[in-house]
Amino acid sequence: MYGYLPIEVQKKISEGLGVSLSEIYGVVTFYTQFYLNPKGKYKINICMGTACYVKGAGQILDKFKELLGIDVDECTEDGMFSLEACRCIGACGLAPVITINDDVYGRLVPEDVEGIIKKYKRIMRDLSLHIMDIVQNSLSAKADKIDITICAHTDADLLEIKIKDNGVGMDEEFLKDVKNPFKTTRTTRKVGLGISLFEASAKNADGELIIDSKKNVGTEVKAYFRISHIDRLPLGNVAETLTTLIMAQPHIEYNLIIDNKKKAV
């Protein structure tokens, strides 16, 4: 559970151990290893110590809130980013300073924030991160059921990844330009990188990306990769990705299918 203990889990712990819920809650809220809200894959921590605060940490924090659409101790819908504030990181010489997982950024101004977020959106070290990004599109399309299929067609040397949702879908005009990174319905940023980056990764591995969508029915994104291609990204930790998505949006129905077919498609 990665330290995430929502009240529903605390109730089960209370019943299982025969300890009052108030005692369980007291332990969870006392130790920083436990938390009530899910954390993102990238944990953004803003130092609000005196040196950082005087040099504009509050403005840095406000900019992250604006661009991510979340508040402190909240997580983005796709489970990619969570936002925290701490008393002191211990790097006053770099004020104002933030950390994102193990990365440190210092002497920041609000104008730096958008570039930092884009950097992590562009970091696609494996295909599971692409899946997470495409699922975000499904969530933005108000889907409450998302099917993820990962199939290795070994005889055809082909890896297929399919994400299908029951969201609002796209009309024909929007669908024609959806692979364009400057075509997006998002209001937090003017560039929609998810689909274009997914397509680039597929083409780099001698594959392709296909999108089918119907208005008020849903969308299906299919990407193909040559398994043996030297530039094919590794699949990555699919279990961790799905866990992150479920923790961020527990009311969404996710179906994961992993298959290994020997016949060519």
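**Notebook: sheet, helices and one glutamine**

I began with confidence: the chain averages a pLDDT of 87, and 91% of the residues score at least 70. For the record, pLDDT is the predictor's confidence in each residue, from 0 to 100. This is a predicted model, in which local features need pLDDT of at least 70, side-chain atom pairs count only at pLDDT 80 or more, and totals for chains, interfaces and linings use all residues. Residues are numbered from 1 along each chain as its sequence is written, and side-chain values use heavy atoms, with hydrogens and water left out.

Over residues 185-192 pLDDT stays under 50. For that stretch I noted 19 contacts beyond four places in sequence, a contact being heavy atoms within 4.5 Å.

**The sheet**

Next I traced the strands (DSSP runs of E, at least two residues; helices are H or I, at least four; both numbered from the N terminus). Five of them form an open, mixed sheet in the order β7-β8-β6-β5-β9. At the edges I found β7 (208-214) and β9 (253-261), each pairing on one side only; two strands pair if DSSP finds at least two bridges between them. Neighbouring strands are turned by 10 degrees against each other on average, direction ignored.

**The helices on it**

Helix α6 (residues 127-140) packs on the sheet and touches β5, β6 (158-165), β8 (218-226) and β9. The direction of α6 makes about 20 degrees with that of β6; axes are lines fitted to C-alpha atoms, for helices over the stretch in contact, with angles from 0 to 180 degrees between N-to-C directions. Helix α9 (residues 238-248) also packs on the sheet, touching β5 and β9, and its direction makes about 165 degrees with that of β9.

How do these two helices meet? The axes of α6 and α9 come within 9 Å and cross at roughly 25 degrees. That makes α6 roughly parallel to α9, because angles under 35 degrees count as roughly parallel. From α6, Ser128, Met132 and Val135 meet Val238, Thr241, Thr244 and Leu245 in α9.

**Gln10**

Leaving aside neighbours within four places in sequence, I listed Leu5, Leu21, Ile24, Tyr25, Val28 and Leu36 as contacts of Gln10.

Key. Angles under 35 degrees count as roughly parallel, over 145 as roughly antiparallel, 65 to 115 as roughly perpendicular and the rest as oblique.
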